Amino acid sequence: MEQVLLALFTMVVAVLGCIGYFWGSNWLLGLIYPDKGKNGAANIQKSAALRPWLFMGPAILLLSVYLIYPVFNSLYLSLHGSSGQEFVGFANYTWLINDEKFAESFINNMLWLGIVPAASTFFGLLAAALTDRISWGNIAKSLIFMPMAISFIGASIIWKFVYDFRGEEVEQIGILNAILVHFGAEPQAWIVMPVWNSVFLMIILIWIQTGFAMVILSAALRGIPEETLEAATLDGANPLQIFLQIKVPQIWGSVAVVWTTITILVLKVFDIVMAMTNGQWGSQVLANYMFDWMFRGHDFGRSATIALVIMLLVLPVMIWNVRNLRKEN
Amino acid sequence: MGAILGKNSALTWVVHISVLLLVLLWTIPTVGLLISSLRDKDQLVATGWWPSFSTVERNLIKRSAPASEQLKETGKYLLKGNVFADQAGTVTAFGWRSQKPGAYVPGDTVQMRKGKTLKIEADGRYLLTSPTAFTSKRGARLFVTVLEKPIFTLDNYSEVLFAEGLGKSFLNTMTVTIPATVIPILIAAFAAYALAWMEFPGRAIFLAIVVGLLVVPLQMSLIPLLKLYTNIGIGKSYLGIWLAHTGFGLPLAIYLLRNYIAGLPREIIESARVDGANDFQIFVRIILPLSFPALASFAIFQFLWVWNDLLIATVFLGNNEEQLVMTGRLREMLGSRGGNWEILTASAFVSILVPLIVFFSLQKYLVRGLLSGSVKGG
């Protein structure tokens, strides 16, 4: 209990500290450049020029330390050995290219990239289109959206229970195998079947992300101007035609947002693989492989190199986002 | 749209049934976990959770009373008792060899080796007879197939919370989450206001950097920060993880809040400026109160994210008994208690309970945050 009190205390201190900083720096600014007196007008301009930097100061500091500096430090580390001390040139990169487990992780990540965003978007669009038409749609939405609140590791336990496998002679307590047995098939150990096990892990992420896709796409569908739909109806289009030919083309922007957001998430997927297989049976992915080299391999150089590969894969989406932002402004 | 659909009732039914199927697919895994976590731990591994409301059939191995309790009647040695020690049940079959555990029906008298006999009644009473004295101190093995009433209990929960250390982990997670949710909000709000309403050179570039940082993989930051923490002496501590979550949460916080604050009506801010308020006063008196919905959205995001995080906690907090958070505990249990479903299901449910409460009670803000974060940003 004490530490929760400590946490609350820290929170109060931090909030007061923030208020103190912003209020204090603003007060100091007023003291240095008073807006009354003979230089009043010039002083107001000077303090207005400085104030944005006071407002952004803490954010800039934190972003630099936690996100910008690490990018450069990782570049540095990737050219150095396991402890980060001795310079090794491109040895980590040549190791990476020839490493079988890296190839496996990379291919698996590509599989994840091909399947998870597509499936989540598809199911999200389906759920959005269907729930918008029925009276209990909001309850349905809430329930499909719910997995988003569940941690990846919690979701992994939930699904590990679904996939549970036991020998043929005992009763199955995993629902998937129970259904198979009910229909006369043999129970399968899903998690240890190479290639397929990755698909079973992907299902977990699809289960989590469909709700996100549904929420965004449902809002986009509702934003479609009524006139276009009315015109199509008058022309005799059936509901399916209206959906595929009128609605979907109008929400491409939102589909792209959903797709790229889930893509980023997929590149960073770590918890699910770690909890379900820890990369065994051919299911390794980059983020977990990087973690492996960091904590079990104790090799900062190789680990940082793998992290850079993830960064490189994220880069196109980053550029796309920034370009969109500039177009918008 | 309703009018169009109304004409086509077959299609309406297809829609209802499809949604029902989707909802079932999306909820059944969690429901299974919840039901299983409430079941008796022996029944949990005997049958699936879906028939758990009917009686449960189980194959058990029981032992008769030890030789010391034997009676001698009319030249025979007898052992009596009941296979159900504490609760009632029904025996549907029994046997005395492991190869054929359910070979006989209750009430039969079965010949065993060396002239011994065994009889088990449906209510569990058994009778062993032997021409010579029993010698086994542990009693003979009795194989029975029994029907039990379903048992629902909170025992699994009390076990994980008090014996498995999940209670301590729950407090650790709270300790991490509370400051890590609140600290970024104010820092981000000031920066967001500057980016939305203050004129300064480089504003567009800063905004672009924030948007770029939104997607930087955290994997990138782990090693450099771990080294930095070791060098400056923060090490593995709550302070370190609070700051880390603050830093990693800032891009989303600034971006969400900037979108919202930039959308506030210009007239309010202009008129306050005309009245002689400076930016600090405008921010505190006008922007902050008006931005409550956006602040709430971000707070929920950050709360869920920090509460559910495993990666940052594993790297920046110790994995010892003192500092293990709930996600870390779950991961450890998956390794050490992989087959103990009563422990895994109850622990998982404890860990997802708080996020689910937050989710269902504050869903409105969550949805609003998602929409302002992505639809506009795209």
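Of the 378 residues in chain B, 44% are buried, where a buried residue has 20 or more other C-beta atoms within 10 Å of its own, an exposed one has 12 or fewer, a partly exposed one falls in between, and C-beta atoms are placed from the backbone. This is a predicted model, in which local features need pLDDT of at least 70 and side-chain atom pairs count only at pLDDT 80 or more, while totals for chains, interfaces and linings use all residues. Residues are numbered from 1 along each chain as its sequence is written, and chains are lettered from A and ligands numbered from 1 in the order in which they are written.

Chain B is divided into domain 1 (2-51), domain 2 (56-148) and domain 3 (158-374), with bounds that come from an automatic or database domain assignment. Between the centres of domain 2 and domain 3 of chain B, taken over C-alpha atoms, there are 61 Å. Along the principal axes, the C-alpha atoms of chain B fill a box of roughly 115 × 70 × 30 Å.

The largest nonpolar core has 174 residues, a nonpolar core being a set of buried Ala, Val, Leu, Ile, Met, Phe, Trp, Tyr and Cys residues joined through C-beta atoms within 7 Å. Helix α5 (residues 166-197) of chain B gives the most to this core, with 18 residues; helices (H or I, at least four residues) and strands (E, at least two) are DSSP runs numbered from the N terminus. A second, separate core of 15 residues includes B:Leu79, B:Phe94, B:Tyr126 and B:Leu142.

B:Tyr193 is among the residues with the most contacts inside the largest core. Leaving aside neighbours within four places in sequence, B:Tyr193 is in contact with A:Phe55, B:Ile261, B:Phe283 and B:Ile287, where contact means that the C-beta atoms of two residues, placed from the backbone, lie within 7 Å.

Between the two chains, 97 residues of chain A are in contact with 91 residues of chain B. On the side of chain A that touches chain B, the largest share, 18 residues, comes from helix α2 (residues 40-78) of chain A.

A contrasting residue is B:Thr109, which is placed in strand β5 (residues 109-111) of chain B. B:Thr109 counts as exposed because it has 11 C-beta neighbours inside 10 Å. Apart from neighbours within four places in sequence, B:Thr109 is in contact with B:Thr117 and B:Lys119.
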